[in-house]
Amino acid sequence: NEGEPADDWGCLDSDGKTLLDFEYQFEPRFESSSPLFDFENKNGWFVISQTTGEKDEEGNLIYYYGVMDNKGNVIIPIAEQYIEREEIGNSDLIAAGRGINGEFKYGYLNNKNEVAIPFEYDNALNFTDGLARVEKDGKYGYINEKGNIVIDCKYVEAQAFSNGLALVRRGDDQYIEYINKEGVTVISPEITKKWDRVYPFTANNRAMVYKESTGYGLINIKGEEVLPCAYDKLFFLTPYYTRLPYIMYGAVSGDGEEAQYMIVNNQGELMEGK
């Protein structure tokens, strides 16, 4: 729990040989997951952290962060900085936060622990689809891996790019929209306002949407419902589980013993023999 002594973590190979000494600690934010689970990027990098043993003003343990590869080599040494271990991205750059001239700012480090993009942002995410979300003066935009702003910081809400599209909101009183990597609106707020919640697109160009009155469904990149919002639950069946080279979905109608489970194919269509 927050504020309590942290457990020590390490890594073993399949023969039980220690690859990573048990000298690292992680914030207790993922109750059911290993700190190293699913947070590895394309280079095999993952975030490591150690507690200083000290606590902040709210009584929570203070952690320092670094990055290691899956062979146990330290890429970015643990230091007084913050690195988000979730959504570590698929780039040769890593977003980090550091104290700069009395302010906490975000920038990007390379695999030599050099500053690749200056620490000048109020917040930053790692790169996905070649772009990264950054924040300046309370507004969000996107930069490329050269550090150039490619979509101006003009949104009050913005998420990471996924399969070429990102969810953004232009104003507090406006609806979510989907934009492409040129900043062009692909699915307008006039369309997304039909749903109470919308989600990022997956690899098969389908995105989950939700209506409180009827349930979950799927849309295509035109904003058309390809699976009606009629299901109590909708979840991913990834290639890891299906052994198929694409994402499918599981749909659930009802609850408890009365629940009916169905398979949705990679086009978003309910399969026969449900």
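Predicted model: local features only at pLDDT ≥ 70, side-chain atom pairs only at ≥ 80, totals over all residues.
**Conventions**

I number residues from 1 along each chain as its sequence is written, and I leave hydrogens and water out, with side-chain values using heavy atoms.

**Entry 1. Overall inventory**

I looked up the secondary structure and found 2 helices and 23 strands. These elements are DSSP runs numbered from the N terminus, with helices being H or I of at least four residues and strands being E of at least two. The protein has 274 residues, and 41% of them are buried. Here buried means under 20% relative accessible area, exposed means over 50%, and partly exposed lies in between, with a 1.4 Å probe and protein chains only.

I recorded an accessible surface of about 15300 Å², of which 44% belongs to carbon and sulfur atoms; the areas come from the Shrake-Rupley method with a 1.4 Å probe, and for residues only the protein chains shown count as cover. Among contacts between residues at least 6 apart in sequence, 31% join residues at least 24 apart. A contact means heavy atoms within 4.5 Å.

**Entry 2. Sheet β6-β7-β8**

I then turned to the sheets. Two strands are taken as paired if DSSP finds at least two bridges between them. Three strands form an open antiparallel sheet in the order β6-β7-β8. Its edge strands are β6 (94-100) and β8 (115-121), each pairing on one side only. Neighbouring strands are turned by 30° against each other on average, direction ignored. Such angles refer to axes that are lines fitted to C-alpha atoms, for helices over the stretch in contact, and they run from 0 to 180 degrees between N-to-C directions.

Strand β7 (residues 103-109) is joined to β8 by 3 bridges, and the two run antiparallel. I noted that Tyr108 has Ile117 as its bridge partner in β8.

**Entry 3. Hairpin β19-β20**

Strands β19 (residues 215-219) and β20 (residues 225-231) pair in the antiparallel sense over 3 bridges. Leu218 stands opposite Leu227 in β20. The two strands form a hairpin with 5 residues between them, and Gly223 in the turn has a positive phi of about 80°.

**Entry 4. Sheet β21-β22-β23**

A further open sheet holds 3 strands in the order β21-β22-β23, again with antiparallel pairing. β21 and β23 (260-264) stand at the edges with a single partner strand each, so one side of each has no neighbour in the sheet. I counted 5 bridges in the antiparallel pairing of β21 and β22; Leu237 has Met248 in β22 as its bridge partner.

In the loop between β22 and β23 I found Ala259, which is buried at a relative accessible area of 18%. Ala259 touches Val252, Ser253 and Gly254, not counting residues up to four places away in sequence. Ala259 and Asp232 are 27 residues apart in sequence and 9.3 Å apart in space, C-alpha to C-alpha.

**Entry 5. Aromatic pairs**

I applied this rule: rings of Phe, Tyr and Trp (its six-membered ring) pair if their centres lie within 6.5 Å, and planes under 30 degrees apart count as stacked, over 60 as edge-to-face and the rest as tilted. By this rule the count comes to 7 aromatic pairs.

One of them is Tyr178 with Phe201, edge-to-face at 5.0 Å centre to centre with 70° between the planes. The pair links distant parts of the chain, 23 residues apart, with Tyr178 in strand β15 (residues 177-179) and Phe201 in strand β17 (residues 197-201). Tyr178 is buried at 1% relative accessible area, and Phe201 is buried at 2%.

Phe236 and Tyr249 form a tilted pair, 5.5 Å centre to centre with 40° between the planes. Phe236 lies in strand β21 (residues 233-237) and Tyr249 in strand β22 (residues 248-253), 13 residues apart. Phe236 is partly exposed at 39%, whereas Tyr249 is buried at 0%.

**Entry 6. Ser162**

Ser162 is in the loop between β13 (157-158) and β14 (166-169) and is buried, with a relative accessible area of 19%. Leaving aside neighbours within four places in sequence, I found Ser162 in contact with Asp129, Pro200 and Phe201. A polar contact of 3.2 Å joins the side chains of Ser162 and Asn163. A polar contact is a pair of N or O atoms within 3.5 Å; within protein, one must be able to donate a hydrogen and the other to accept it, and residues adjacent in sequence count only if both atoms are side-chain atoms.
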